[in-house]
Amino acid sequence: MTAVNIHEAKTHLSRLLERVSRGERIVISKAGQPVADLVPHRAAPVTFGGLRGQIEYDDSAFEVDPDIQQMFYGEDSDAAAG
């Protein structure tokens, strides 16, 4: 692990990112206090339908909310909706 100050990090960001891409961890400090870590990116897998069977709703969840209609279109929201 390497520690650098903010000025050095700004000046040499490309070089630091190259080192991070090779697996190194770099700590950025301000006045000697760590404020951020530069670490290699780890892609997180995306799972579609991961909550299937755990969340229930009915079709009313997709209906137009009259309060929101009124906020966007004013008192006469029926005219604006159609």
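Analyst: Let's start with a term: a nonpolar core is a set of buried Ala, Val, Leu, Ile, Met, Phe, Trp, Tyr and Cys residues joined through side-chain atoms within 4.5 Å. Please keep in mind that this is a predicted model.

User: Thanks! Which residues make up the largest nonpolar core?

Analyst: Seven residues do: Val4, Ala9, Leu16, Val20, Ile26, Ile28 and Leu38. Helix H2 and strand E2 are the elements that each give two or more residues to this core. In soluble globular proteins, nonpolar side chains tend to be buried together.

User: What makes Ile26 count as buried?

Analyst: Buried means under 20% relative accessible area. Ile26 has a relative accessibility of 0%, so it counts as buried. This residue lies in strand E2, and beyond its neighbours within four places in sequence it is in contact with Thr2, Val4, Leu16, Arg19, Val20, Ala36, Asp37 and Leu38. The C-alpha atoms of Ile26 and Met1 are separated by 5.7 Å, although the two residues are 25 apart along the chain.

User: And Ala9, what does that core residue touch?

Analyst: Ala9 touches Val4, Leu16 and Ile28, leaving out residues up to four places away in sequence.

User: Is Ser29 buried or exposed, and how do you know?

Analyst: The relative accessible area of Ser29 is 12%, which is under the 20% cut-off, so Ser29 is buried. Ser29 is also found in strand E2. Its contacts beyond four places in sequence are Val4, Asn5, Ile6, Pro34 and Val35. One of these, Asn5, has Ser29 as its bridge partner in E2.

User: How do you know that E1 and E2 pair?

Analyst: Two strands pair if there are at least two bridges between them. E1 and E2 (residues 26-30) have four bridges, so they meet that cut-off, and they pair in the parallel sense.

User: Why are E1 and E3 called edge strands?

Analyst: The open sheet has three strands in the order E1-E2-E3, with mixed pairing. E1 (2-5) and E3 (33-38) each have a single partner strand, so one side of each is left without a neighbour in the sheet. From one strand to the next, the twist averages 35 degrees. Helix H2 (residues 13-21) lies across E1, E2 and E3, running at about 145 degrees to E2.

User: What makes Asp65 a cap for helix H3?

Analyst: A side-chain oxygen of Asp65 lies 2.7 Å from the backbone nitrogen of Asp67.

Technical notes:
Residues are numbered from 1 along each chain as its sequence is written. This is a predicted model: local features need pLDDT of at least 70, side-chain atom pairs count only at pLDDT 80 or more; totals for chains, interfaces and linings use all residues. Side-chain values use heavy atoms; hydrogens and water are left out. Axes are lines fitted to C-alpha atoms, for helices over the stretch in contact, and angles run from 0 to 180 degrees between N-to-C directions. Contact means heavy atoms within 4.5 Å. Buried means under 20% relative accessible area, exposed over 50%, partly exposed in between (1.4 Å probe, protein chains only). A polar contact is a pair of N or O atoms within 3.5 Å; within protein, one must be able to donate a hydrogen and the other to accept it, and residues adjacent in sequence count only if both atoms are side-chain atoms.
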